[in-house]
Amino acid sequence: MSVELEGVRAGRRLGAAERSSGEGVSLRIERGEYVAILGPSGAGKSTLLELLGLLTRPDAGVHRIDGARVDALPDAERARLRGRRIGLVFESSWLAPELSLLENVELPLVYQRLSPAQRRERAAGILGELGLGAHLRRRPGDLAPGERRRAAFARACVGGADLLLADEPTRGLDGREADEIMDWLDTRSALGATVVVATRDPARGCRARRLVHLRNGQLLRELPPGLRSGSRGLVARTPRGRARWR
Amino acid sequence: MTRLRDALARCLGSILARPGRTALTAFGIGVGAAAALQLLDALQDGPGAVRRPAPPARIPRLMVSNGERSSRVAVWATTPESARRAGIVAVEGRPLAALDLRDARRVALIGAGLRAELFGLQSALLRPIEIGDARFTVVGVFEARGPGFGGAGGSVSELAVVVPESSGAEIASLVSPAGGPGGPVGGRRGAARPGAAAVFAPLAAISLLLGGVGLACAMLATVVERTREIALRRAVGATRGEVFGECLLESVLVGSAGGLAGVVASLALDPGSHGAGAPAWGAAAALALAALVGAAAGLAPAVRAARLDPARALRAE
């Protein structure tokens, strides 16, 4: 899935008019790209992901998916698009505590109107791929954080999403668990999904091929992967002029 | 179909996850539905409504005499229609007539057994008899060929007297103050029905209203509690309409469950008032009313659930 934002503003942070001349955020992500959005806390990363995930409507600007405008679509069509093509993983995993793991992962398929048998088969299949096949009937509360995060990824991917959005996917996980999550993202990317990850820690766990910096709701200059901030810090152009990226 | 079943399963899950709240809420609606059912019954039995005749008032055994011989027998105060349906067939003279009822005529049908006991081989027709202290004229002799009046003790023996409902009330008023020969008069429901409407109409209205308000509050609390779950459902593809529908369905289910409990309790505690063929339409109407109250109560919470901003709900800690 290719995604395009043009002069988008949303919420208090993203492309906020009082912080800029008001031109908003513009970003183009090609089909199959693996993008990391970097920036300090409060930079608008989550808002950007919510925007890309069709959870938030832009206040201004144009949002296109595969070349078609989606910012003005009726809610039902945005919901359908979100359910069938976009997988979201939130910062705190967000599994429904009263549902079993299997039921949590089946949830997107419920709204795709699959039969219970098909839902069960697909949800159990993807949970198996993520090494959670033994925990199908357990509640999220009974699982380790890494397992919960993997279950959240299973739910994001079970509907066949070709845009995967993850907010701080490795936060709060130990090194091995984080590696498992990053391997899974690599796999989805290799399978052709467009992957967008938001994180405030560029040093860790970010294997993206493209880095996008966000600060105070504005996109800063993009860096090629591998090039990290040196002692001078990153220098980027904002509408107000030059700013330093610590 | 799959969609509806999923929605039902989810609603049931949500309802059963909060059994205490659901039961309390449903109780309020149940009381309302029971009162509504009583009201519907009372309205049917009222003077203007002839769809279902009043169940007869059975005046406990009274002394019946023709001046020579006497016998203590059951006296049924009823309507011509009820008597016909109960299988009371006049084999001599005539059956009860509408005019007997309208004018509260002091006429009586006596059972064939009682006729033999009091009058032997003589004719009983147009002969006076005393029922308690009241003087009646025998206009017919009946045989009991049908199911009786239904309910407990509703079968009619041929050692009995049948009088128009309106004049039965007179006997009762004659005998009841002193606790006369018939003893205290109880269970005279038929004559009491019109007054019941006045009691049950405000009761039904108020309890349904309060039940509905309670349900609306409970549903609002549920929506607030489930904010994140609802946001999650929206995030994985549920539309506003689907969220709205599920919330409304839950409210209707709770309302109907309460209504069902109320109707069942009402029928179980008070079977006599509903006659042999319980008024299915009355129960259905009371249930429908409860479901309607559920839908009305669920409206505001459902709108709130549908309008919820998933992004904000998922981010809030």
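Author: **Salt bridges, within and between chains**

In chain B, the side chains of B:Arg84 and B:Glu81 pair up in a salt bridge, 2.8 Å from N to O. Here a salt bridge means a side-chain nitrogen of Lys or Arg within 4 Å of a carboxyl oxygen of Asp or Glu. Keep in mind that this is a predicted model, where local features need pLDDT of at least 70 and side-chain atom pairs count only at pLDDT 80 or more, while totals for chains, interfaces and linings use all residues. Side-chain values use heavy atoms, with hydrogens and water left out; residues are numbered from 1 along each chain as its sequence is written, and chains are lettered from A and ligands numbered from 1 in the order in which they are written.

Both partners sit in helix 3 (residues 80-85) of chain B, 3 residues apart, or about one turn of the helix. (Helices are DSSP runs of H or I, at least four residues, and strands are runs of E, at least two, numbered from the N terminus.) B:Arg84 is exposed at 55% relative accessible area, whereas B:Glu81 is partly exposed at 29%. The cut-offs, with a 1.4 Å probe and protein chains only, are under 20% for buried, over 50% for exposed, and partly exposed in between.

Chain A has a pair of this kind in helix 6 (residues 175-190): A:Arg176 and A:Glu180 are 4 residues apart, so about one helical turn separates them. Their N-to-O distance is 2.9 Å. A:Arg176 is exposed at 56%, and A:Glu180 is partly exposed at 29%.

A:Asp66 and A:Arg85 have their closest N and O atoms 2.9 Å apart. A:Asp66 is partly exposed at 32%, and so is A:Arg85, at 23%.

Chain B also holds a salt-bridge network, linking B:Arg10, B:Arg226, B:Glu229, B:Arg233, B:Glu246 and B:Glu250. Over all chains, the count comes to 33 salt bridges.

Where the chains meet, 23 residues of chain B are in contact (heavy atoms within 4.5 Å) with 31 residues of chain A. The interface has 4 salt bridges; one of them joins A:Asp75 to B:Arg240, closest N and O atoms 3.6 Å apart. On the side of chain B that touches chain A, helix 8 gives the most, with 6 residues.
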